[in-house]
Amino acid sequence: MLYNSIVTASVAFASVVSALPTELSKRANIDTTVLQFALTLEHLENVFYKQALKNFSQEDFQKAGYSADYYNDLKYIAHDEEQHVLLLEGALTAAGVTPVQACTYSFPYYDVRSFITLSSVLEGVGTSAYLGGAPLITSKQYLTVAASILVTEALHTSLQRLAINEVPMANPYGTPLDPMSVYTLAAMFIVSCPASNAALPFTSYPSLQVDGSTCTCEEPQCGSPRDVIKRGSGWASKHGGWPETWRPQQSNSCMPPSPGKSVTFTANSTIPAGSYVTFVSGLSVVSVQGNINGMDINAAVPSQAMGQTYVFVTSQDEKGTLTAADIKYGPAVLEVNPPPPSIDYSIMKE
Ligand SMILES: *[C@@H]1O[C@H](CO)[C@@H](O)[C@H](O)[C@H]1NC(C)=O
Ligand SMILES: *[C@@H]1O[C@H](CO)[C@@H](O)[C@H](O)[C@H]1NC(C)=O
């Protein structure tokens with residue numbers, strides 16, 4: 001059921017230093033913890049691309065409409081992720097810490113297009129992870145390394161967004177995401193990790209998923225959403241359903257919602273009365289009073305949301321700064337169609 005809802009007037013370009021677990025910020029070895037977390041994500045990306053390059057040939061990409069140049073760029077991405085793994089392993093070893101090893105993963109894509117879509121989301125999350133992790137790093141040397149990797153992840157994001165016809169730079173700002181939220185998203189793909197891996201001080205938040213009916217299919221660009229679900233059902237049945245955020249009907253058959261559109265999110269338990277839907281996009285954190293119906297909550301996408309947006313159910317109106325203790329569910333990953341670019345020619349000097 002769709003409801004209209006009221007966007008609360010919390011225009012927020014204020015401080016977005018979001019949810020940082022206090023235990024974490026007190027840790028003495030915070031820098032190596034952040035590097036271990038970064039390595040955890042880089043391992044995931046490294047395996048993700050190498051598996052895809054083994055799963056799909058250049059011919060498969062060409063059949064799906066992707067050029068030889070694009071395929072070559074993909075190999076550059078795989079090479080980059082491998083280098084990131086090696087660099088972080090080296091930095092940790094030099095700091096006297098045993099680097100975490102790669103885990104076993106399961107990635108919900110089933111063809112070239114759904115792989116590229118998932119890649120664009122993962123690269124966006126990776127970029128957000130480095131941005132959100134940056135304020136935690138105390139060593140300026142490590143900060144430069146992290147920022148250097150962030151640039152490359154953002155370039156990957158841009159390439160992959162363009163490859164699925166999304167605006168590559170849909171938001172004037174990158175979106176910082178705190179480690180717990182990043183962990184929540186990454187954990188969906190992790191089946192198991194070596195027991196010898198140092199434990200990370202993170203846990204997952206209760207999940208939130210974007211309701212599939214958010215998507216409207218634009219013929220003839222895509223088959224019916226049902227067909228797409230059917231094609232991807234092998235992965236889903238093997239893993240007891242789609243992981244919340246990555247359901248295939250969102251990947252290649254849907255037009256992302258624009259600001260103002262009502263979107264329903266489904267939590268994994270009954271949502272407490274009075275909860276808000278909080279949209280984190282670029283440097284904005286905007287809470288909207290949600291319409292609650294059991295495990296569903298519905299809200300209109302605020303105008304500040306553009307491009308890959310992280311959505312939480314929170315107990316408070318976050319008023320520009322997401323507080324960890326207020327997070328009840330999330331994040332869900334919502335792609336929001338940005339408005340047409342507006343350019344003010346009075347803001348220039350001739
Ligand atoms: C890709 O490769 C991985 C690892 O071999 C496998 O588990 C997965 O099912 C493959 N996916 C596709 C779509 O071929
Ligand atoms: C919701 O998700 C959280 C985090 O994964 C989990 O601990 C909790 O048991 C889940 N709740 C239900 C009702 O499934």
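**Exercise 1. Classify the lining of the largest cavity: how many residues are nonpolar, polar and charged?**

Step 1. Ala, Val, Leu, Ile, Met, Phe, Trp, Tyr, Cys and Pro count as nonpolar, Asp, Glu, Lys and Arg as charged, and the others, Gly among them, as polar.

Step 2. Count. The lining has 11 nonpolar residues, 1 polar residue and no charged residues.

Step 3. Note the conditions. This is a predicted model, where local features need pLDDT of at least 70, side-chain atom pairs count only at pLDDT 80 or more, and totals for chains, interfaces and linings use all residues. Residues are numbered from 1 along each chain as its sequence is written, chains are lettered from A and ligands numbered from 1 in the order in which they are written, and side-chain values use heavy atoms, with hydrogens and water left out.

Step 4. On a 1 Å grid over the protein atoms alone, a cavity is a set of points where a 1.4 Å probe fits but cannot get out; a pocket is an open set with protein on both sides within 12 Å along at least five of seven lines; lining residues have an atom within 4 Å of a point. Points are joined across faces, edges and corners, and a volume is the space filled by probe spheres set on the points.

Step 5. The whole structure holds 3 cavities of 30 Å³ or more. The largest has about 120 Å³ of space. Its lining has 12 residues, and V34, F37, A38, A129 and G133 are the closest to its centre.

Step 6. Name the elements. Helices (H or I, at least four residues) and strands (E, at least two) are DSSP runs, numbered from the N terminus. α2 (30–55) and α5 (112–133) each supply at least two lining residues. α2 gives the most, with 4.

**Exercise 2. Describe the second largest cavity: what is its volume?**

Step 1. The volume is about 90 Å³.

Step 2. Of its 11 lining residues, L41, L44, L122, V125 and G126 are the closest to the centre.

Step 3. α2, α5 and α7 (179–187) each give two or more residues to this lining.

Step 4. By class, the lining has 9 nonpolar, 1 polar and 1 charged residues.

**Exercise 3. Work out the sheet that contains β9: in which order do its strands stand?**

Step 1. Strands pair if DSSP finds at least two bridges between them. The order is β6-β5-β9-β10, in an open antiparallel sheet.

Step 2. Find the edges. β6 (284–289) and β10 (327–336) each pair on one side only.

Step 3. Check one pair. β9 (307–314) joins β10 through 7 bridges. T314 has I327 in β10 as its bridge partner.

Step 4. Contact means heavy atoms within 4.5 Å. Axes are lines fitted to C-alpha atoms, for helices over the stretch in contact, and angles run from 0 to 180 degrees between N-to-C directions. α5 lies across β9 and β10, at about 70° to β9. α7 also touches β9 and β10, and makes about 70° with β10.

**Exercise 4. Explain the edges of the other sheet: why is one side of β3 and of β7 left without a neighbour?**

Step 1. The order is β3-β4-β8-β7, again open and antiparallel.

Step 2. β3 (208–210) and β7 (291–293) stand at the edges with a single partner strand each, so one side of each has no neighbour in the sheet.

Step 3. Identify a partner. β3 pairs with β4 (262–267) over 3 bridges. V210 has F265 in β4 as its bridge partner.
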